[in-house]
Amino acid sequence: MGLYSYLLISIIIFTIGVYGIITQRSGIKILMCIELLLNSANLNLVAFSSYNDDATGQVFALFSIAIAAAEAAIGFAILVALFRLRDTINLDNINILRW
Amino acid sequence: MFKDYAALIVLLPVIAFVLTLFLGKKLYSGGALLPIAAIAGSFIISLGIFFEIYPDGIVQQSIPWFSSGISQMNMGILIDPLAIVMLLMVSFVSLLIHIYAVGYMSHDPAKSRYFAETSLFTAAMLSVILSDNILQFFISWEIVGVCSFLLIGFWYHKPSAAAAAKKAFLVTRIGDVLFLAGIVMLYVNLVKIINDPANAFEIGSGNFILQFKTMFEAIPLIDKTQLTYITLLFFGGAVGKSGQFPLHGWLPDAMEGPTTVSALIHAATMVTAGVYLVARTFPMFFNTPATIMTGVPDSLLIVAIFGGFTALFAATMGLVMNDIKRVLAYSTVSQLGYMMLALGTAGAVAGTQAVSCSIFHLISHAFFKALLFLCAGSVIHAVGTNDIREMGGLFNKMKITATTMFIGALALAGIGIPFIDIGTAGFFSKDLIIEKSFEFGEKTGGWGWIFYGFAILAALLTSIYIFRLWFMVFTGKPRSERHSHESPGVMTVPLMILAVFALLFGFLHTGFFGYVETNFELMGVEIAVHEGEVVHPPIIIVLLPVIVGVLGFLVSYVIYYKRMLDMSKIISSENPLYKLLYNRYYEPKIGADLIGVKLTHDVVAQSGEFIDRKIIDGLVIDTIISNTIFKISEIIRKLQTGVVQNYASITILGVALLLVLLKLKLGGI
């Protein structure tokens, strides 16, 4: 498997993520889609790292995973707080930050 | 050795100011000890420097401050005879008044603020005195003005005090603007001179552009008309600060502050800054052309006119005031007029001697006027009112205050014995000024005699009003049921010390004149004094100041002690002259009501408000700018939908667009 197959998978995952973010209404699903985006980027990092024979990319990917975990924790915490307040996590109903 | 610590003269009170301001409440007696110790330190250093430099040394220390183009500004210290005598006087009088204030302010809750402010004031005044350049002089001068504002409005919860503080600030500001304009004009002229190669004028190394030394050296090169304007603008500043006509109105109103403030600022030190300014820049005044009257430099003539007129003008108002402090305030204005008169007239007949003449009166006035004010404070402290009509018969209750105040009154009236040279401080200083104005009349003739008239008439009135005050306060029957008592020792001891100086300071006159006269020579400034033939005034002229002094005493004695004349006919609202004087020549009406309220507020401020509110705010901003922006933003704000997906789509779209653009720009696959 060459570099291209990795990139192709990465692109597919990324596109699924973007599609999910735009179309989904549930907060949890959107967060999951964001995870997909991050993971496609991580896959890219690892793929290029292996291709270039340079460990930096892999180290970077580890960082990125750690940060993604933290980000997910914050995101879910926000959603829990939101649910307690509004009894819903449907983002269509949460739109007070507007004109 | 003291010379090296010259900067501490100013810095000690500044440090005391900071410490007292922040820590004063926690210290003994509201932190009074810190300023007292600091000012005592300043006094000791000044005294040490005096003994080191006497009789012909000066101290000059300068450091560069900032520079722009060819002009380097500096901060520095210049202690010459003129400065050292002022330093000694200010630090000494200030020290005594601070000690006195411990007693006088003992019941005030805001003692630490009081002592912090007076300490800063003293620092600023000392800095005015030992500035070696006009810029630093001006900065210190402004700090003095701020302190004056703060201290007049010390009891700011009283509306009258707040108004008086505001008035003092605004009126002196007029003078300050003129002074600043003078400095700017001087600077422009100096730069022009230095840039003109024809002059070959260079500032020596270690000297700076706005230093007094440089200014004096450049005098011959400055255009004569310009020099007149510059000096007159300087004099404008002095008029504001020293309460000369027509900017005198703030000084009597400034009596709203505590009496110690009146003694410190509005009698002994701050108001003399104006006189000191003219004395400091005297060579410039002296070298202005004589176009109005032969042999009399224009600027000096104008100084003399304002001074002489103010001396008489203020004395007339002093006659009718019923507030003990107001009488003294008008007396201060009048005596400051004398100092200006001395600079003007003696400058014309005796050159730089005028400076020693005027400063001698300044210092003797500082002693006896501080004494009079502190006595007044002692009386007010005891009876709790300022109105002399409610006092009377206090002599037996307050013997020390009464005696010291009588000495102060004698000194103010200039009582002494001619020919054998025994007399109070005022006898030597004021009579000399009167003699000089006589010589001026002799020299110029014609309407030059008017100055002698001013001086001698003012002397008569001075004597009348001060003894009227004394008789009304201390003799006769008590006119109100007030329990009064002598003040505590912390207040009476400074009175006694000042009384000793008021009595004996005059005997220093020979040494003083010899010393201060050399001032400008020591600075290396050549002033051509046209020595005329020495005028020996007739005996009657020598005697006349004392005669009018005694006459004034007798008049007051007859009217206010013996009560041989019924004053009620004269003192009535029917008498137009009394009304005019009592209403202070309608100065408050003209100054505050007409110029302040009618002209400034109703006309200028109101039309300004109209332009600002109706035209700029109303038409331009509201209708044009604000409305347009409002309409556009109405449309744009619709973009903020609050739906997360919209934001996400737009973000992704933006990134995609960016990639496409990047691709187009870079080319390749």
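The questions and answers below go through a predicted model with chains A and B.

Residues are numbered from 1 along each chain as its sequence is written, and chains are lettered from A and ligands numbered from 1 in the order in which they are written. In this predicted model, local features need pLDDT of at least 70 and side-chain atom pairs count only at pLDDT 80 or more, while totals for chains, interfaces and linings use all residues.

Reader: How many helices and strands does chain B have?
Author: Helices (H or I, at least four residues) and strands (E, at least two) are DSSP runs, numbered from the N terminus. The C-alpha trace of chain B spans about 115 × 70 × 50 Å along its principal axes. Chain B has 25 helices and four strands.

Reader: What percentage of the residues in chain B is buried?
Author: A residue is buried if 20 or more other C-beta atoms lie within 10 Å of its own, exposed if 12 or fewer, and partly exposed in between, with C-beta atoms placed from the backbone. Chain B has 669 residues. The buried part of chain B is 51%.

Reader: Of the contacts in chain B between residues at least 6 apart in sequence, what percentage joins residues at least 24 apart?
Author: Two residues are in contact if their C-beta atoms, placed from the backbone, lie within 7 Å. Among the chain B contacts between residues at least 6 apart in sequence, the part that joins residues at least 24 apart is 79%.

Reader: How far apart are the C-alpha centres of domain 1 and domain 2 of chain B?
Author: Domain bounds come from an automatic or database domain assignment. For chain B this assignment gives domain 1 (292-500 + 539-577) and domain 2 (586-666). The distance between their C-alpha centres is 62 Å.

Reader: Is H14(B) roughly parallel or antiparallel to H18(B)?
Author: Two packed helices are described by the angle between their axes and the distance between the axes. Axes are lines fitted to C-alpha atoms, for helices over the stretch in contact, and angles run from 0 to 180 degrees between N-to-C directions; under 35 degrees counts as roughly parallel, over 145 as roughly antiparallel, 65 to 115 as roughly perpendicular and the rest as oblique. Helix H14 (residues 324-350) of chain B and helix H18 (residues 450-474) of chain B pack at about 155 degrees, with axes 11 Å apart. H14(B) is therefore roughly antiparallel to H18(B).

Reader: What classes of residue make up the contact of H14(B) with H18(B)?
Author: Among the residues of this contact are B:Ile324 and B:Ser331 of H14(B), and B:Phe451 and B:Thr462 of H18(B). Ala, Val, Leu, Ile, Met, Phe, Trp, Tyr, Cys and Pro count as nonpolar, Asp, Glu, Lys and Arg as charged, and the others, Gly among them, as polar. The contact of H14(B) with H18(B) divides into ten nonpolar, four polar and no charged.

Reader: How many charged residues are in the contact of H14(B) with H15(B)?
Author: H14(B) also packs with helix H15 (residues 353-383) of chain B, at about 175 degrees and with axes 9 Å apart. That angle makes H14(B) roughly antiparallel to H15(B). By class, their contact has 16 nonpolar and seven polar residues, and the charged ones number two.

Reader: Is the crossing of H3(B) and H10(B) left-handed or right-handed?
Author: Helix H3 (residues 81-104) of chain B and helix H10 (residues 259-268) of chain B pack at about 165 degrees, with axes 9 Å apart. A crossing is left-handed if the near helix is turned anticlockwise from the far one by less than a right angle, and right-handed if clockwise. H3(B) passes H10(B) in a crossing that is right-handed.

Reader: Is B:Phe309 buried or exposed?
Author: B:Phe309 sits in helix H13 (residues 298-318) of chain B. Not counting residues up to four places away in sequence, B:Phe309 touches B:Phe245 and B:Phe454. Because 20 C-beta neighbours lie inside 10 Å, B:Phe309 counts as buried.

Reader: Which residues does the cis peptide bond at B:Pro246 join?
Author: B:Pro246 lies in the loop between helix H8 (224-241) and helix H9 (250-253) of chain B. Omega of the cis peptide bond is about 5 degrees, and the residues joined are B:Phe245 and B:Pro246.

Reader: Is A:Asp53 buried or exposed?
Author: A:Asp53 is in the loop between helix H2 (27-52) and helix H3 (56-86) of chain A. Phi of A:Asp53 is near 60 degrees, a positive value in a residue other than glycine. With 6 other C-beta atoms within 10 Å, A:Asp53 is exposed.
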